[in-house]
Amino acid sequence: MRFDILTIFPEMFREVLGCSILGIAQEKGAVSYHLHDIREYTGDKHRRVDDRPYGGGPGMVMMPGPVVRAVEAVEAADETPSLQVLLTPQGRTFDQEMAAELAQTRRIMLICGRYEGFDERIRLALGAEEVSIGDYVLSGGELPAMVIIDAVVRLQKDVLGHPDSALQDSFGVEGCLDFPQYTRPPEFRGMRVPDVLLSGNHQKIAEWRAKQAKLRTISRRSDMLEASR
Ligand code: ADE
């Protein structure tokens, strides 16, 4: 799977994409990341990508020329058509279901804005899918792009050490949160690991975990259970 990332801060991504699961996935050849600097597409010696909003108001707006030229040039760099995603707080909210959907595509282009947002003609010219990672405003689309990459890459085949890991996570099993996990030592500051987990009885362990996952979901996120009815 190929990721193309368009940003004015490619350096923000290098460390994150090189570490842990995301780095290993690239080493294994399951995914490839391609960073593109939108400033390379300005066609102006000041390399300007933003300007003041028409009609007045605070902040700056991403200009349509550099972004649209960058998207077109990057799209043409590979024959597989990409699913183009524009990161914006006005988009459809990203969730595990969308992560699973995106994980099926062969190529994703993530377009990161900064400042007060994108000139409206960028949306109109591209027809990209607009995606938000939640109801809060960040300073740009870079962190949201990294969140999406992480959630999507860990769903790729052969990326996680154990094939069931992705399925068992919170939201992965019947819309429930994850059950409580324990590791060594068996006792920490007077708190003991539940006996059932040390029993070696796999049937009992599975039942205990399913029950704990349900109880945790009821107490913390009953909305998830109502939504899945
Ligand atoms: N850009 C700024 N805030 C954002 C958000 N919450 N999601 C996606 N892109 C953004």
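**Contacts and packing in the predicted chain**

Setting aside neighbours within four places in sequence, Met-1 is in contact (heavy atoms within 4.5 Å) with Ala-30, Val-31, Ser-32, Leu-102, Ala-103, Thr-105, Arg-106, Ile-108, Val-152 and Gln-156. This is a predicted model, in which local features need pLDDT of at least 70 and side-chain atom pairs count only at pLDDT 80 or more, while totals for chains, interfaces and linings use all residues. Residues are numbered from 1 along each chain as its sequence is written, and side-chain values use heavy atoms, with hydrogens and water left out.

Met-1 sits in the segment before β1. At 18% relative accessibility, Met-1 counts as buried; buried here means under 20% relative accessible area, exposed means over 50%, and partly exposed is anything in between (1.4 Å probe, protein chains only). Thr-105 is partly exposed, with 24% relative accessibility. Beyond the four places on either side in sequence, Thr-105 touches Met-1 and Leu-83. Along the chain, Thr-105 and Met-1 are 104 residues apart, yet their C-alpha atoms are separated by 7.3 Å. For Met-1 and Ile-148, the C-alpha to C-alpha distance is 14 Å and the sequence separation is 147 residues.

Ile-148 turns up again among the contacts of Val-131. Val-131 belongs to strand β7 (residues 129–132) and is buried, at 2% relative accessible area. Not counting residues up to four places away in sequence, Val-131 touches Val-85, Leu-86, Leu-87, Thr-88, Gly-91, Arg-92, Phe-94, Met-98 and Ile-148. Arg-69 is 62 residues from Val-131 in sequence, and the two C-alpha atoms are 21 Å apart in space.

As for the chain overall, there are 10 helices and nine strands; helices (H or I, at least four residues) and strands (E, at least two) are DSSP runs, numbered from the N terminus. The C-alpha atoms fill a box of roughly 70 × 40 × 35 Å along the principal axes. Of the chain's 229 residues, 40% count as buried. Among contacts with a separation of 6 or more, 73% are between residues 24 or more positions apart. The chain exposes about 13,700 Å², and carbon and sulfur atoms supply 51% of that area; accessible areas come from the Shrake-Rupley method with a 1.4 Å probe, and for residues only the protein chains shown count as cover.

Next comes helix packing. Helix α1 (residues 11–18) packs against helix α2 (residues 20–27) at an angle of about 80°, with the axes 5 Å apart. The axes are lines fitted to C-alpha atoms, for helices over the stretch in contact, and angles run from 0 to 180 degrees between N-to-C directions. The two helices, α1 and α2, are therefore roughly perpendicular to each other (65 to 115 degrees; under 35 is roughly parallel, over 145 roughly antiparallel and the rest oblique). On the α1 side the contact is made by Val-16, Leu-17 and Gly-18, and on the α2 side by Ser-20, Leu-22 and Gly-23. By residue type, the contact of α1 with α2 divides into three nonpolar, three polar and no charged. In this scheme, Ala, Val, Leu, Ile, Met, Phe, Trp, Tyr, Cys and Pro are nonpolar, Asp, Glu, Lys and Arg are charged, and the others, Gly among them, are polar.

Aromatic pairing takes rings of Phe, Tyr and Trp (its six-membered ring) with centres within 6.5 Å; planes under 30 degrees apart are stacked, over 60 edge-to-face and the rest tilted. By this rule the count comes to one aromatic pair. The ring centres of Phe-3 and Tyr-33 are 5.9 Å apart and the planes are at 35°, so the pair is tilted. Phe-3 lies in strand β1 (residues 2–7) and Tyr-33 in strand β2 (residues 32–37), so the pair ties together parts that are 30 residues apart in sequence. Phe-3 is buried, at 0% relative accessible area, and Tyr-33 counts as buried at 11%.

Arg-184 and Pro-185 are joined by a cis peptide bond, with omega at about 0°. Pro-185 is placed in the loop between α7 (165–168) and β8 (187–188). Arg-47, although not a glycine, has a positive phi of about 55°. Arg-47 falls in the loop between β2 and β3 (50–51) and is partly exposed, at 34% relative accessible area. Asp-158, also not a glycine, has a positive phi near 70°. The loop between α6 (142–153) and α7 holds Asp-158, which counts as exposed at 55% relative accessibility.
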